[in-house]
Amino acid sequence: MKETLAYLLEALVSGALLTGAYTLLLERRAPFVWCRRYLLFSIPATLIIPLLRIPVWPAPAIDAVLAPQTAIVAATAPASEPAALSSTLLGGLYLAGTAVMLGTIVRQMLAIDRLRRRNAVAQGGDYEVVRIRRRIAAFSFRRRIYLWEQTPERDLPAILAHERSHIRHRHSEERIAMECLKALCWWNPFAWTAACKLTEVQEYEADSDVLALGFDRSEYMKTVFRQLLGYSPDITSGLQNSLTKKRFTMMTEKTKSRYGLLRAAATLSVILGLVCAFGFTTRAAELPAPAQTAATAASEPDGDEPFLVVEQMPRFQGGDLLKFRQWVEDNVQYPAQVSADKVEGRVLLTFVVDRDGSLTDLRILESSDVRLSEEVVRTVAASPAWQPGRQKGELVRVQFTLPVIFRLTD
């Protein structure tokens with residue numbers, strides 16, 4: 001549960017910073033295509049960056065004298081019932097919201113398809129024109145332009161030029177992709193903001209293309225104004241009422257895309273900063289070589305003391321200590337009462353593989369709970385026989401150290 005909340009918080013922070021970078025550095029200041037690509041990239045970035053785990057920072061080394069042969073085992077148990085219930089409710093709420101959003105997209109696409117099937121369709125070169133009997137605001141979807149069949153002839157050239165720009169730049173495909181991304185992270189308000197800003201920049205780009213063709217600005221603005229009263233699905237590229245004032249401002253103000261590369265570099269630095277903040281993690285702990293050499297470690301200990309390193313290390317079921325670690329993970333049980341008490345911790349066990357392959361001298365070096373210690377000893381004591389180690393051709397005793405970590409998971 002805590003991990004989920006941390007992920008959501010990091011995703012919200014990422015969305016806020018990426019949206020802020022767009023507003024300050026790119027919006028109305030960079031080429032339209034840059035803005036569109038950035039907005040489409042920003043939503044997946046807010047989902048992926050908090051999931052990154054890039055090992056960079058150094059970790060403290062394991063004490064090689066204490067644990068000459070070590071394999072860490074993680075024993076997990078389901079979280080307590082209230083935490084599991086909360087996770088289930090959150091998962092259900094997320095899926096319900098995503099289903100509603102995707103259903104809305106499908107419903108709008110079906111509504112557009114019904115308009116195509118129920119009205120006259122004319123070929124217009126590399127696109128089709130669907131003339132609708134009821135009054136609508138002109139819009140385009142994929143390679144079709146939908147407009148009211150009684151649209152005044154004086155408005156048609158500008159309207160068709162505007163919608164052809166949407167088709168040429170594949171704006172409707174971008175809108176579909178953005179709506180699907182928004183459905184995946186509907187809980188993130190910055191995804192909704194990015195979708196609105198994508199609609200804006202697409203309209204700015206289409207308006208710019210129309211004016212670049214030589215249409216009179218004042219006449220074109222009147223055409224836009226006359227289109228305000230019609231119906232237009234949200235997923236389409238068309239003349240949207242809420243954008244009119246901003247579009248008029250863009251058409252009347254002289255804007256320049258200055259310092260484009262510097263602005264792109266600045267946004268890239270924001271992205272890299274987020275990756276460093278949320279993605280860089282501590283490297284896995286390293287096991288340094290012991291102070292003594294391998295030859296010294298493998299020399300005959302005093303009396304019947306076990307070896308730490310030998311020429312031929314003991315083998316477990318055809319594998320090494322990692323194979324035994326997996327066996328312990330599969331067989332150790334999280335004590336029910338310990339799990340109910342929400343106790344977590346580590347048990348550090350040392351044992352010796354004897355000359356006959358049996359495990360002897362099981363000792364607990366460190367433990368956070370006696371019940372966890374008993375479970376680890378029970379599991380390791382039930383181990384099948386090992387293939388014993390050899391030194392100079394003779395069977396010898398070899399000591400291992402095994403940390404077992406108990407933690408509750410969602």
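Good morning. I begin with Gln-312, which counts as partly exposed at 35% relative accessibility; buried means under 20% relative accessible area, exposed over 50%, and partly exposed in between, with a 1.4 Å probe and protein chains only. This is a predicted model, in which local features need pLDDT of at least 70 and side-chain atom pairs count only at pLDDT 80 or more, while totals for chains, interfaces and linings use all residues. Residues are numbered from 1 along each chain as its sequence is written, and side-chain values use heavy atoms, with hydrogens and water left out.

Gln-312 is placed in the loop between α10 (294-297) and α11; helices (H or I, at least four residues) and strands (E, at least two) are DSSP runs, numbered from the N terminus. Which residue lies 79 residues from Gln-312 in sequence but 6.5 Å from it in space, C-alpha to C-alpha? That residue is Gln-391.

Let me turn to the aromatic residues. How many aromatic pairs does the structure hold? There are twelve, where a pair means rings of Phe, Tyr and Trp (its six-membered ring) with centres within 6.5 Å; planes under 30 degrees apart count as stacked, over 60 as edge-to-face and the rest as tilted. Why is the pair of Tyr-334 and Phe-406 called edge-to-face? The ring planes of Tyr-334 and Phe-406 stand at 90°, with the centres 5.4 Å apart, so the pair is edge-to-face. This pair links distant parts of the chain, 72 residues apart: Tyr-334 belongs to the loop between α11 (321-331) and α12 (336-340), and Phe-406 to strand β13 (residues 398-409). Tyr-334 and Phe-406 are both buried. Elsewhere, one aromatic cluster is formed by Phe-316, Phe-324, Trp-327, Phe-351, Trp-386 and Phe-400.

I continue with helices. Helix α6 (residues 189-212) has 24 residues and reaches 35 Å from its first C-alpha to its last. That is close to the 34 Å expected at 1.5 Å a residue, the expected span being 1.5 Å times one less than the number of residues. At the start of α6, Asn-188 brings a side-chain oxygen to within 3.0 Å of the backbone nitrogen of Phe-190. Just after α6, Gly-214 has a positive phi of about 105°.

Helix α5 (residues 171-184) contains Glu-179. Is Glu-179 buried or exposed? With 12% relative accessibility, Glu-179 counts as buried. Between Glu-179 and Ala-191 there are 9.3 Å in space, C-alpha to C-alpha, and the two are twelve residues apart in sequence.

Now the strands. Strand β3 (residues 120-123) and strand β4 (residues 128-132) pair in the antiparallel sense over four bridges; two strands pair if DSSP finds at least two bridges between them. Ala-120 has Arg-131 in β4 as its bridge partner. The two strands, β3 and β4, form a hairpin with four residues between them, and Gly-125 in the turn has a positive phi of about 90°. On β4 there is also a parallel arrangement, with five bridges joining β4 to strand β6 (residues 144-148). In β6, Tyr-146 stands opposite Val-130.

Val-347 stands opposite Ser-367 in β10. This hairpin has five residues between the strands, and Gly-357 takes a positive phi near 90°.

Which residues other than glycine have a positive phi? Among them is Arg-28, with a phi of about 60°. Arg-28 lies in the loop between α1 (2-26) and α2 (32-48) and is partly exposed, at 33% relative accessible area. Arg-142 also has a positive phi, near 55°. Its place is in the loop between β5 (139-141) and β6, and Arg-142 is partly exposed at 41%.

I close with the cysteines. The structure holds zero disulfides, a disulfide being a pair of cysteine sulfur atoms within 2.5 Å. Cys-35 is buried, with a relative accessible area of 1%, whereas Cys-180 counts as partly exposed at 33% relative accessibility. Thank you for your attention.

Terms used: A polar contact is a pair of N or O atoms within 3.5 Å; within protein, one must be able to donate a hydrogen and the other to accept it, and residues adjacent in sequence count only if both atoms are side-chain atoms.
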